[in-house]
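User: I would like to go through the labels on this model and see what each one rests on. Please set the values against the cut-offs.

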Amino acid sequence: MASTNTQIISYSPSSSSKSTHQFTYEVFLSFRGEDTRYGFTDHLYEALISCGIRTFRDDEELARGGVIASELLEAIEESKIFVIIFSENYAASRWCLDELVKISECGATEGRLILPIFYHVDPSHVRKQRGSYEKAFVDHEKEADEEKREKIQKWRSALAEVGNLAGYDLQKYRYETRLIKEIIDVILKELNSKLLLHVGMNFHLEELKSLIKIESNDVRMIGIYGLGGIGKTTIAKVVYNNISHQFESRIFLENVRERSKDQSSLLQLQKELLNGVVKGKNLEISNVHEGIDVIRNRFNSKKVLLILDDVDKLKQLKFLAGEHGWFGPRSRIIITSRDQHCLNEHGVDASYKVEALSYKESIQLFCQHAFKQNIPKGDYVNLSDHVVNYVKGLPLALEVLGSFLFNKSVPNWESALQKLKENPNIEVQNVLKISFDGLDKKEQEIFLDIACFFKGWNENDVTRLVKHAGIGITVLSDKCLITLCGNTITMHNLVEEMGREIVRHKHPKEPGKWSRLWDPKDISLVLRKKMGTKAVEAIFLDMCTSREISFTTEAFKRMERLRLLKIYWSWGFLNYMGKRCQKLLLPEDFQFPSDYLRYLHWEGYSLKSLPSNFDGENLIELNLQHSNIEHLWQGKKYLEELKILNLSKSQQLNEIPHFSNMSNLEQLDVEGCESLDNVDSSIGFLKKLTLLNLRGCQKIRSLPSTIQNLVSLKSLYIDGTAIEELPSSIGHLTSLQLLSIRQCKNLRSLPSSICRLKYLEELNFLGCSNFETFPEIMEVMESLYSLNLSGTCIKELPSPIEFLKHLTDL
């Protein structure tokens with residue numbers, strides 16, 4: 001039977017000086033082939049494999065033509081537990097005795113578990129070399145030279161030492177199967193005790209036990225999901241080792257994703273699954289559909305524990321654990337995956353998300369690998385803190401980096417940390433990239449946009465700017481590549497770095513050929529050297545951290561597929577203006593490609609209008625706050641896709657374009673545009689407008705009557721304007737929820753139609769010093785809960801006040 005390729009990670013106690021080691025094998029079988037190869041040893045090997053225990057036996061593992069002695073020694077060094085089957089002719093084999101000496105050395109120096117099994121031999125014959133063991137040594141000593149005598153003495157010492165260990169005498173067991181079961185239980189317990197030393201593992205175990213409900217009579221399927229490298233397999237193995245003794249049959253199939261590339265490999269997994277239940281029978285199945293029938297027939301009467309590790313496709317579950325009815329009562333199927341949607345689609349009874357470790361847990365796990373203790377060594381406290389903050393609780397990265405930095409000097413640590421900022425660890429990146437590779441092309445593009453630009457953004461904003469991002473964000477969340485905290489998109493630091501590394505990968509030293517540019521140094525180089533190509537789709541430039549940059553038409557000319565362009569100040573534009581404003585100036589003839597542009601955000605744009613070649617046909621959002629713009633463009637533009645127009649704090653703006661070609665506009669923000677003196681009547685075309693912000697537009701004296709057409713408007717800010725009265729048509733704004741009229745010194749009264757605003761929740765007249773009369777309320781204002789009349793001339797409350805039945809803040 002082929003190996004299930006299971007590998008359990010062992011964690012040594014922090015108080016021990018032993019190194020933390022990830023073994024190739026969990027069990028090494030030492031036996032005399034001619035005595036037990038086709039009987040007891042074979043049955044034990046099958047039982048170990050079916051329990052997911054990575055086991056070495058020389059007739060299956062050694063490469064043909066290899067040097068047996070060296071490969072055996074290496075296999076012993078890479079094994080965690082040794083099972084030695086002392087049979088009648090064991091001592092007659094020099095190979096067996098050489099194995100035993102090496103095993104004895106490993107057990108003595110590294111504290112590994114050795115389990116002797118006395119198979120139809122008296123334990124005292126092994127310890128004292130009597131009976132067949134005495135005869136074997138007589139043969140060995142014939143014609144032995146001095147060197148050979150020294151080796152024989154080592155053989156005798158090893159037999160005496162191992163023969164004295166607590167072991168298993170087959171004569172005391174009526175059936176071999178009972179002995180094999182006891183050996184398996186002991187091995188699982190030993191492996192589990194090491195696994196539980198992993199930081200936070202006891203918590204995971206208890207949480208999963210509550211979902212597994214071991215006492216329940218029904219069949220339960222439990223999903224474990226989370227980011228690659230977060231510890232799903234280790235957790236599944238801990239659970240498996242902890243509860244497997246309670247099941248009639250137990251099978252651990254690891255690396256299902258990697259080992260099920262086609263129908264033939266799925267068929268092999270089905271055979272391994274069956275072998276874990278139907279012992280000693282070579283079941284012939286010719287295809288996966290036949291395999292389904294056989295699995296169902298063989299399993300439906302048995303209490304089975306099945307672990308399917310690293311599943312990424314529904315078809316894998318369909319052929320290995322298709323339905324609850326395949327399994328007998330009280331069976332448990334545990335599935336680990338990076339894809340929550342896959343688990344939900346299959347119909348698991350409960351799912352458990354594995355979260356990143358806390359800082360305290362992270363520092364402990366990292367130190368176990370970096371220092372072989374729970375806390376950092378004195379000179380490494382700050383450096384350890386930097387590593388842990390960089391890794392953000394990902395166990396794989398903590399283990400890999402900790403092991404890499406073990407026993408290295410402080411300068412080496414500093415160098416390694418500096419390198420990590422520029423070149424993420426390849427071992428960690430490869431694990432994380434598996435999830436990326438499982439995405440389709442469009443999902444990959446959305447992921448790269450988020451990794452490069454949109455981490456920390458609101459989900460709705462990203463969905464608006466990026467095509468098909470709605471469903472894409474759901475997929476990325478299901479695959480644990482992003483997390484949604486409310487509506488905010490978050491992403492693990494290492495996943496973010498993985499995405500950015502993918503962008504850089506093909507042309508690491510040629511940023512002009514990258515699809516996305518985010519680092520000011522790279523952007524400066526591309527623009528200064530005019531290296532941009534049509535590969536560039538997006539640029540986000542933080543001017544606060546950039547070098548001197550030359551914005552020229554020539555520098556942008558070849559970036560003809562540019563779709564996202566953001567020039568901004570992370571420190572805030574006003575704080576920055578006085579320090580390096582010379583960097584903001586653009587040449588009068590400046591142009592940039594806009595045919596594909598969906599997002600243009602340019603704070604402090606220095607020209608009086610956008611370039612004459614500006615297209616804007618695909619533009620979704622235009623943000624030119626704090627700009628020198630006077631008017632947006634000459635002539636007529638078709639902006640049917642535009643949803644957000646933000647020209648706030650652009651003090652030179654004296655004209656906004658005709659709105660008839662912006663019928664899908666949802667937000668218009670001209671706050672602080674002190675030169676703007678009117679709102680064009682074409683605003684009535686904006687049937688989808690939800691936000692209108694005129695705050696601080698000091699020259700605006702009135703609103704056009706066409707405002708009544710803004711049937712979707714929810715928020716209207718006219719604070720600090722010169723408005724004297726509101727048009728009676730305001731009563732038609734049936735969706736309005738917030739009306740803010742603060743500091744409008746010229747306002748004296750309101751139209752009575754204000755009472756028709758059924759959905760109005762907040763009404764604010766703060767500082768309207770000449771506001772004298774609140775109109776009589778003719779209808780119940782059902783939604784109004786906040787009314788602010790502070791600083792007005794109002795002497796009486798609105799009448800009748802009882803019509804404001806939900807008012808809570810006056």
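User: Where is Lys372 found?

Analyst: Lys372 sits in the loop between H16 and H17. Helices (H or I, at least four residues) and strands (E, at least two) are DSSP runs, numbered from the N terminus. This is a predicted model: local features need pLDDT of at least 70, side-chain atom pairs count only at pLDDT 80 or more, and totals for chains, interfaces and linings use all residues. Residues are numbered from 1 along each chain as its sequence is written, and side-chain values use heavy atoms, with hydrogens and water left out.

User: Why does Lys372 count as buried?

Analyst: Buried means under 20% relative accessible area, exposed over 50%, partly exposed in between (1.4 Å probe, protein chains only). Lys372 has 14% relative accessibility, so it counts as buried. Its phi is positive, near 60 degrees, and the residue is not a glycine.

User: Why is Lys530 called partly exposed?

Analyst: Lys530 has 41% relative accessibility, so it counts as partly exposed. Lys530 lies in the loop between helix H25 (520-528) and strand S14 (538-542). Lys530 is not a glycine either, yet has a positive phi of about 55 degrees.

User: How do you know that the span of H16 agrees with its length?

Analyst: The expected span of a helix is 1.5 Å times one less than its number of residues. Helix H16 (residues 359-370) has 12 residues and should span 16 Å; its end C-alpha atoms are 16 Å apart, so the two agree.

User: Which residues of H16 are buried, and what covers them?

Analyst: Ser362, Ile363, Leu365, Phe366, Cys367, Gln368, His369 and Ala370 are buried. Their cover includes helix H17 (381-391), helix H18 (395-405) and helix H19 (410-422). Contact here means heavy atoms within 4.5 Å.

User: Why is Leu208 called buried, and what is it in contact with?

Analyst: Leu208 is at 1% relative accessibility, so it counts as buried. Leu208 belongs to helix H10 (residues 201-212). Leaving aside neighbours within four places in sequence, Leu208 contacts Ile222, Ile224, Ile235, Val239 and Tyr352.

User: What makes His346 buried?

Analyst: The relative accessible area of His346 is 14%, so it is buried. His346 is in helix H15 (residues 340-346). Not counting residues up to four places away in sequence, His346 touches Met221, Leu314, Leu317, Ala321, Gly322 and Ile335.

User: Why do S13 and S24 stand at the edges?

Analyst: The open sheet has 12 strands in the order S13-S14-S15-S16-S17-S18-S19-S20-S21-S22-S23-S24, with parallel pairing. Strand S13 (516-517) and strand S24 (786-788) each have a single partner strand, so one side of each is left without a neighbour in the sheet. Two strands pair if DSSP finds at least two bridges between them.

User: How many bridges join S17 and S18?

Analyst: Strand S17 (residues 621-623) and strand S18 (residues 644-646) pair in the parallel sense over three bridges. Glu621 stands opposite Ile644 in S18.

User: What is the confidence of the chain?

Analyst: pLDDT is the predictor's confidence in each residue, from 0 to 100. The mean pLDDT of the chain is 89, and 93% of its residues reach 70 or more. Over residues 1-20 the pLDDT is below 50, though this stretch has 74 contacts in the model beyond near neighbours in sequence. Residues 60-67 are also below 50, with 12 such contacts. Where pLDDT is low, the predicted coordinates should not be read in detail.
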